[in-house]
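Please read the numbered points with the model open alongside.

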Amino acid sequence: MALAAEPSAVGCARLLVRTTLAAWRLPELADDASLVVSELVANAVAATGHASRWAPGLSLLHVRMLWLPSSVAIEVADVSREEPVLHAFDPEAEGGRGLQLVAGVASRWGSAPAPWGKVVWAELPPFPVPR
C-alpha cells in the first residue's frame, strides 16, 4: 500500500495490518503487528519529512506484508537514506523508543538500502511466542 508520508499514514497502516491478518486467519498477531507497523511508519514519516497536502513534492512511503514459511514480515519503504538506529533505553527520553518496541516484539528486524531510499522490516513469528 502506498501512503502519503503524513502522520495519518500510521492509522491507515494499522488498518491494513489488522485487515490482512484477519483475512490470513492470524488475528492473534494483530496487536504485535499493529505496534510494529505503527512504529515503522511513524519513523518513516519522521525520516521523510511530511509536507502539507497542498505542498508539491509530497513523499510517499510503502507498506507491505508477507506471509513467509516461518514468519509474517512487515516492510516499510521510504525515500530517506538515513538508516534506523536502535538507541539505548533512556527512561527520561520523550521519544526514540520506537525501535526498542519493535525489537521487543519482533523475532528479528533490520533495514536494507534501496535505490530510492531504504526498506525497514520486521518479522513476527506466525504464532506469538509467550513472554
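How many bridges join strand β2 to β3, and do the two strands run parallel or antiparallel? Six bridges join them, and the strands run antiparallel. The points below place this pair in its wider setting.

1. The model under review is predicted. The protein has three helices and five strands. Read from the N terminus, its elements follow the order β-α-α-β-β-α-β-β. Of its 131 residues, 40% count as buried. The accessible surface is about 7,500 Å², and carbon and sulfur atoms supply 60% of that area. Among contacts with a separation of 6 or more, 63% are between residues 24 or more positions apart.

2. The sheet. In general, the strands of a sheet pair through backbone hydrogen bonds, either parallel or antiparallel. Here, five strands form an open sheet in the order β1-β2-β3-β5-β4, and the pairing is antiparallel. The edge strands are β1 (2-4) and β4 (108-114), each of which pairs on one side only. From one strand to the next, the twist averages 20°.

3. Pairings around β3. Strand β2 covers residues 60-67, and strand β3 covers residues 72-78. Within this pair, Leu66 stands opposite Ala73 of β3. Strand β3 also pairs with β5, in the antiparallel sense and over seven bridges.

4. Strands β4 and β5. These two strands pair in the antiparallel sense over seven bridges. They form a hairpin, with two residues between them. The bridge partner of Ala114 is Gly117 in β5, while Trp109 stands opposite Ala122 in β5. Seven of the eight residues of β5 are buried, so this strand is largely enclosed by the rest of the structure.

5. Helix α2. This helix comprises the 19 residues 30-48. Just after α2, Gly49 takes a positive phi of about 80°. The helix packs on the sheet and touches β2, β3 and β5 (117-124). Its direction makes about 10° with that of β3.

6. Residue Asp78. Asp78 is found in strand β3. Is Asp78 buried or exposed? Its relative accessible area is 2%, and because residues under 20% are classed as buried, Asp78 is buried. Its side chain takes part in a polar contact of 2.9 Å with the side chain of Lys118. The side chain of Asp78 also reaches the backbone nitrogen of Ser80, at 2.8 Å. Leaving aside residues up to four places away in sequence, Asp78 touches Ala44, Thr48, Leu60, Leu61, Trp116, Gly117 and Lys118.

7. Residue Val45. Val45 has its place in helix α2. With a relative accessible area of 6%, Val45 is buried. Along the chain, Val45 and Asp78 are 33 residues apart, and their C-alpha atoms are separated by 8.1 Å.

8. Residue Arg25. Arg25 lies in the loop between α1 (9-23) and α2. Although Arg25 is not a glycine, it has a positive phi of about 60°. Its relative accessibility is 72%, and Arg25 therefore counts as exposed.

Terms used: Residues are numbered from 1 along each chain as its sequence is written. This is a predicted model: local features need pLDDT of at least 70, side-chain atom pairs count only at pLDDT 80 or more; totals for chains, interfaces and linings use all residues. Side-chain values use heavy atoms; hydrogens and water are left out. Helices (H or I, at least four residues) and strands (E, at least two) are DSSP runs, numbered from the N terminus. Buried means under 20% relative accessible area, exposed over 50%, partly exposed in between (1.4 Å probe, protein chains only). A polar contact is a pair of N or O atoms within 3.5 Å; within protein, one must be able to donate a hydrogen and the other to accept it, and residues adjacent in sequence count only if both atoms are side-chain atoms. Contact means heavy atoms within 4.5 Å. The expected span of a helix is 1.5 Å times one less than its number of residues. Two strands pair if DSSP finds at least two bridges between them. Axes are lines fitted to C-alpha atoms, for helices over the stretch in contact, and angles run from 0 to 180 degrees between N-to-C directions. Accessible areas come from the Shrake-Rupley method with a 1.4 Å probe; for residues, only the protein chains shown count as cover.
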